[in-house]
Amino acid sequence: MAEADSALAQTLAPAPQRGGAPVLRLTDIELGFGGVKAINKVSFEVRKGEILAIIGPNGAGKSSMLNVINGFYKPQLGTIEFQGRTLRAMDPNTAAKNGIARTFQNIALFKGMSTLDNLMTGRLLKMKRGLFWQALYWGPAQKEELEHREAVEKIIDFLEIQAVRRTPVGRLPYGLQKRVELGRALAMEPDILLLDEPMAGMNVEEKEDMCRFILEVNQEFGTTIVLIEHDMGVVMDISDRVVVLDYGVKIADGTPDEVRANQRVIDAYLGVSH
Amino acid sequence: MIYREAGQFKTSYAADQAIFPIRLDRWGMLVTLFVAFFVIPVVANEYWLLSILVPFLVFSLAAIGLNILTGYAGQLSLGTGGFMACGAFAAYKLSTAFPELNILIVFLLSGGVAAAVGVLFGLPSLRIKGFYLAVATLAAQFFLIWMFNKFGWFNNYSPSGVISAPPRALFGDFYVTGASASPVAKYLFLLGFVAVMALIAKNLTRCKIGRSWMAIRDMDIAAEIIGIRPLMAKLSAFAISSFFIGIAGAMWAFIYTGSVEALAFDINRSFQVLFMIIIGGLGSILGSFLGAAFIVLLPILLNNVPGLIGWQIPVDMIAHLEFMIFGALIIFFLIVEPHGLARLWQIAKEKMRLWPFPY
Amino acid sequence: APIVAKAEQFIPLLVYRTGPYAPSGIPLANGFVDYFELINARDGGVNGVKISWEECETSYNNDRGVECYERLKKQGATGASLVNPYSTGITYALIERATADKIPVFSMGYGRADATIGSVFPYVFTAPATYWAGADAIIQYIQAQEKGSLKGKKIALVYHDSAYGKEPIATLQALGKQEGYSLNLFPVAHPGLEQKATWLQIGRQLRPDWVIMWGWGVMNATAIKEAAAVGFPMEKFIGIWWSGSEADVKPAGAAAKGYKSAQFTGTGTGAPIHAQIREQLYAKNMGIGKDTFGEVLYNRGLVNAAIAVEAIRTAQGKFGNKPLTGEQVQWGFENLNMTQEVIDKLGLTGLMSPIKLSCNDHEGGGAVVIQQWDGKNWNYVSDFINPRREMLTKMYEASAMQYAKEKNITPRDCKM
Amino acid sequence: MTSATAERLDAATEPAGALLSVNNIEVIYDHVILVLKGVSLEVPQGGIVALLGANGAGKSTTLKSISNLLRAERGEVTKGSVHFDGTRIDGLTPDALVRMGVIQVMEGRHCFEHLTVEENLLTGAYTRKEGRQAIADDLELVYHYFPRLKERRTSLAGYTSGGEQQMCAIGRALMSRPKIILLDEPSMGLAPQLVEQIFEIVKQLNEKEGVSFLLAEQNTNVALRYAHFGYILENGRIVLDGAADALRNNEDVKEFYLGLSGAGRKSFRDVKQYRRRKRWLG
Amino acid sequence: MFFSWPFFFEVLIGGLLSGVMYSLVALGFVLIFKASGVFNFAQGAMVLFAALTLVGFINMGVPVPLAIVIAIIVMILLAYAVERAVLRPLVNQPPIILFMATIGITFFIDGFGQTLWGSDVYALDIGIPNQPLFFGDILVNSFDLVAAVVAGVLVAVLAVFFQKTRIGRALRAVADDHQAAMSVGIPLRVIWVIVWSVAGLVALVAGIMWGSKLGVQFSLALIALKALPVLILGGFTSIPGAIIGGLIIGAGEKLAEVFIGPFLAGAIEDWFAYMLAMLVLLFRPQGLFGEKIIERV
Ligand SMILES: Nc1ncnc2c1ncn2[C@@H]1O[C@H](COP(=O)(O)OP(=O)(O)OP(=O)(O)O)[C@@H](O)[C@H]1O
Ligand SMILES: Nc1ncnc2c1ncn2[C@@H]1O[C@H](COP(=O)(O)OP(=O)(O)OP(=O)(O)O)[C@@H](O)[C@H]1O
Ligand SMILES: CC(C)C[C@H](N)C(=O)O
Ligand SMILES: [Mg+2]
Ligand SMILES: [Mg+2]
């Protein structure tokens, strides 16, 4: 891939300084499945407001790392520091409540529901009306629905998925599904957004769009973003910091430029320098 | 273009969220309701009221209940009969123990009892999924029927284990159960009740709780990760579903047959309701009605039509044919449209919208 | 074939020719149809009024039965003249409806025993014997076999765990107190495909002196097989009349030899009416019961039809020779008196014992006999036993009054 | 513009004897959703042809209508025909096609979750009759291409990472020794180095073994580097086709598919305007 | 009632042996589930249909071995018809849809079988002895022993069938993902015919055993309900699981009926079997020997 001009972009974003205080710190995480060590003593931190990319070869343990962060996998060893508390493992529900949202590598949308409903599920945690009001609908429940509908419509506009509002997501092409999934995560108004290969299977044009969305979310709402991506162009352009995993081990951690120059990373992952 | 939505603009989200956003649908519903409430009681004879419409309504209610659990929340259940029995026996105990209690309240309470039992048997759903869960719900089915059949307390120690509905009025002289209830009274009461319940079901399914059910159904892991508690979602589905089904059971015993033994709610009843939602459409309230109509009407049609057009077919042949046609139709529907009659209706509407263009 | 036309007496037939109980339902239904055809063919109807009928398949399902009833009750010139539900469950479901519709429910040897009390159940008829009477007759038979005393004997009851199977329990318990035997209950869940545990308990643990069975459908044959498998002697194993047909013993094969059952209708093809059916129907390619001709349940179908027809005939005596309403037929039932002469005249000699019904007694005092399977045929092994009706009537009355109270029914005055 | 009048950039490279030709097919899903509106394309013997296009353009649908996996998704080819090696193949079963040498690697991996990686690969050889040794050799070959699979050979495919599954799916297809492989988004989810590797494998197979390829790819850049010929699909119609080089130099392709502005590659950070999609109107 | 060890063992052995009879039916379910991911609700109906066909021909005077051959052919034809009319059009549909389709098949077969052969009961006697045998003090039934041997043989044969790697693997691949199986050239149609034919054979064996025991009639279809707890306990995908599940369920329900039943007024074995199975599921959601349920994101 052409590398000529991305340096120009980098100068615009003073990456290392951007991250604020750490909001999430993972220490010595170890996770194994039977014989396989998916993650081996990995430590790193996520800083407030930054875009952190996790890269590494296939099977390096990137997705597993996200799963650890939002509590779907419980690491055997290590600790997670989050919101001033040190945890052995996260609980998916707490994670969601405390503003960690994510998308998945193999799209995990609710296939039988429309785009709109998928996004509305993202707001479930914020809806408060009890069963009784929901059964009645007209009145408080409707009011609440409409409030959230409005919020969701903003996201729909933002992601430009108005046209498929009512389509069952199962019928959407892959790329749009990814976008809807991002929308669902955004609907949760998260503080930390975990994105697992959000741009896989997209062409350049669509990747550009996706990048815009990610950057905008990051800049306008200050959302911290942790991102897994195999497109080095994207990673190098938009992330502030990069963590590199290889076979469950962290082999590098730094600014895109540092990482790009790291010989271990080149050997293990990039193949050629980017 | 017969059926169109072009030109109907919605200016508020509220209008857009309405049950029937399209005008023609709204009118259709109103006309249906009008006919159901005002025309049918006048024109229908006793056979139609008692043997077709009443069971149809009772089954619709049960089907809505099961559809909440299976169609919306994705928990395949074969315990419907058992939960219906809960409702029926609870209603019997309540109405005989407290003769003064209004029958409406009796029905609601018996739904509550069924809901509690449903939650109990829903607990394993947290760990058990798919077909395994379906078979596990059979445990509920067999256990409950056994229990009601076995312990005299449930049937006030009637020697045969049969309960029969005491005469009760909704108000004044308006008897809805027992021998003195007129067919029209039974029908109207049931119709009103089912209409309200269907509306409630519709409301629930388009609100927060409905979405959490569907999320669990479509992808439980993802649902958990966006903050839906699987336990709560599943148990609430079990509870509300059983509530509906329990009331349907009470109605079955009190309004439809008038007397039942526990065996009336055996596993075949569970299957019957399951077929309704399959044929009608999983995850659709309208489908529950269509499915119930289909399953109630088909055998009656098959039994009556040959006679009406002068064919003499032996009853056993009809029964065998009924089995075969029924089986073939299930398969046919699944092939044509796995999502049931409700979806077929939707596609028909879509085609009408595009008409005269094929696509 | 059923023809429904004006000026005919219409009788709905609730049958089950399919489903789990079809092997019993088929001969029963055939018996009915052949008898009606014979009446129409031989006598030109009942005093000139032809009988018409229509079958409706219930599959022994209560709700299907109700639907059938509702569908057929208004058919024919005068509506249904009576209904034979052929299931205790359906009988229960129809009692209130039929009473309101004024259509007699004729539950011959099944249904609610206490419905014998005509003052409370004016439209229900239980002739010639109820389950309670059946239970009493069986106990009497056992008592005779045990040389008069049942003191200290162990009797087991294996029963279909439904309204039907539970009917005799109270009677057997009451008799147990009186006669001094102990009663052990063994319910079998529908459909009764698996009874190993039950029979291990009976045959290897309890080892009772006698086993009584209230079984139905596949349960009967299975019970016989399992009883043989634990070596229980067939001679000490007695079923109620619904556990004693060919369909119950044939599948069990040789194991069934020696098995007994109660019976209130005759066996075989030796009655005059059998010859008439052969000549007047089968020879002319009419009738439908050839395959089941002379089977226990076929004969029972004949008898049931005959009693119904006689009730109509009796009613015609009062209301005239025309199609009658259910209400009129009810009168016919209450005044039915089938003496031996009547029975002989109808060609039913040996197929039933005389009965006489009245306003308050809807059972009519029929007798019960015990039969035994010899591997090929059923043979009587007892005299006709008369159930102890004085005692039973007290039980009927107590239970009927309870029902009347629950349902706010003021019993009719039958003294007038 | 219809496909008949689609822009043709370089007719000269069009090969004479097409191995696979798709003629004017129309595809409808669910009886109502019209997705392909007359698509025609050709893959020459020994060619690598790329099928490019945005999300939802109908690339996967095209491939599935060739391999006849469409029916499994309630889709139907309602018009047109597909020929392979001179015989008409629309209407043949997928397994007949595999035996003829047409195999598809589906988008989204579709590994057999409950089978181990190795068992997955072996199912690929289901249609082959040459005996164990030949199959064992090919298995080694696949492991040679994808060493990571060898490491994970005994674990259930359902538990492997996304990239591992992708390798597994491609390896599985190779096991059937096909004449033409329909590759749907092979690079999706793969590490950059592996993407190159996979395309190298494609090239090797093509050059050494004469296997032809029809690739649906989003990674236009790589695809056009390895392909000989390309088609661009928009909204169910072919809007542009030509030799790979020609396409690479086409201004529109450059802008929309390669992310190159007039001045060369621009950073993803700089794309401020995202409502600027120009479409070939169909 | 009293407790004695010999009696306990009698019940235990009796239970184990009737469990094997359930396994015969459960095996048919496992086969189809394992090989195509379809929960075949029609297995019970197939048992009935196979048995009816067999007695039908025997009653027409066809010698027993020939009748068995004819019945086998009929079951293969049935498999063919099912593939053509049901499975082929429903390829790649979610499991629940296929499950429902098999419910349709059940009804069709029930009706069709009765139309062909009537609803009456037929005795089926192919000469399996049914006598009480005594081992010391303990009673065992000879019929049950024969059934156990038959089931054992069947399991061995099927295990070999699935071990024959190529086909076995292909079958499991189909169970995982129809579309992907098609894409690698597994001839789905052939596979389905094979699987349903084999399931038909298993149904025939079960039909012969159960038919000899109960007579051949409609109720035979209902034994499927006795096989379901066996199925979930053993795991839907395990052939040995079907046998072991059968043993556990058989023994469990009989012991419960005999030793717990009297305290609960009896007839508890049906629900007890299901409760037992459910209990096991709480600890192993895929049954004792079933394939792990894969959950990944
Ligand atoms: N099973 C289906 N049912 C209904 N519509 C479908 C189905 N599959 C695909 N479609 C529709 O067909 C169109 C083309 O889809 P297709 O998957 O072929 O696109 P694609 O070019 O491969 O896109 P992507 O790059 O996202 O994979 C899309 O609009 C999609 O919504
Ligand atoms: N639930 C699990 N059970 C067993 N093994 C697992 C499980 N989850 C992950 N693994 C293994 O752990 C390793 C890391 O997997 P992971 O999905 O995290 O990789 P990844 O870095 O996301 O790779 P890719 O880029 O291909 O998506 C893989 O080898 C995978 O097979
Ligand atoms: C023929 C039937 C009336 C007998 C049956 N078992 C019942 O009493 O219900
Ligand atoms: Mg990953
Ligand atoms: Mg695609």
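**View 1. Packing of helix α13 of chain B against helix α4 of chain E in the predicted model.** Helix α13 (residues 315-336) of chain B and helix α4 (residues 95-117) of chain E have axes 7 Å apart and pack at an angle of about 155°. Helices are DSSP runs of H or I, at least four residues, numbered from the N terminus; axes are lines fitted to C-alpha atoms over the stretch in contact, with angles from 0 to 180 degrees between N-to-C directions. The two helices are therefore roughly antiparallel (angles over 145 degrees). α13(B) passes α4(E) in a left-handed crossing (the near helix is turned anticlockwise from the far one by less than a right angle). Their contact comprises 16 nonpolar, 6 polar and 1 charged residues (nonpolar: Ala, Val, Leu, Ile, Met, Phe, Trp, Tyr, Cys and Pro; charged: Asp, Glu, Lys and Arg; polar: the others, Gly among them).

View 2. Chain D averages a pLDDT of 84, and 87% of the residues score at least 70 (pLDDT is the predictor's confidence in each residue, from 0 to 100).

**View 3. Chain pairs with and without contacts.** Of the 8 pairs of chains that touch, chains A and D have the most contacts. No contact joins chain A and chain C, whose closest C-alpha atoms are 32 Å apart; for chain C and chain D, also without contact, the distance is 36 Å. The model scores ipTM 0.89 and pTM 0.90.

**Notes.** Residues are numbered from 1 along each chain as its sequence is written, and chains are lettered from A and ligands numbered from 1 in the order in which they are written. Local features need pLDDT of at least 70 and side-chain atom pairs count only at pLDDT 80 or more, while totals for chains, interfaces and linings use all residues; side-chain values use heavy atoms, with hydrogens and water left out.

Methods:
Parallel < 35°, antiparallel > 145°, perpendicular 65-115°, else oblique. Contact = heavy atoms within 4.5 Å.
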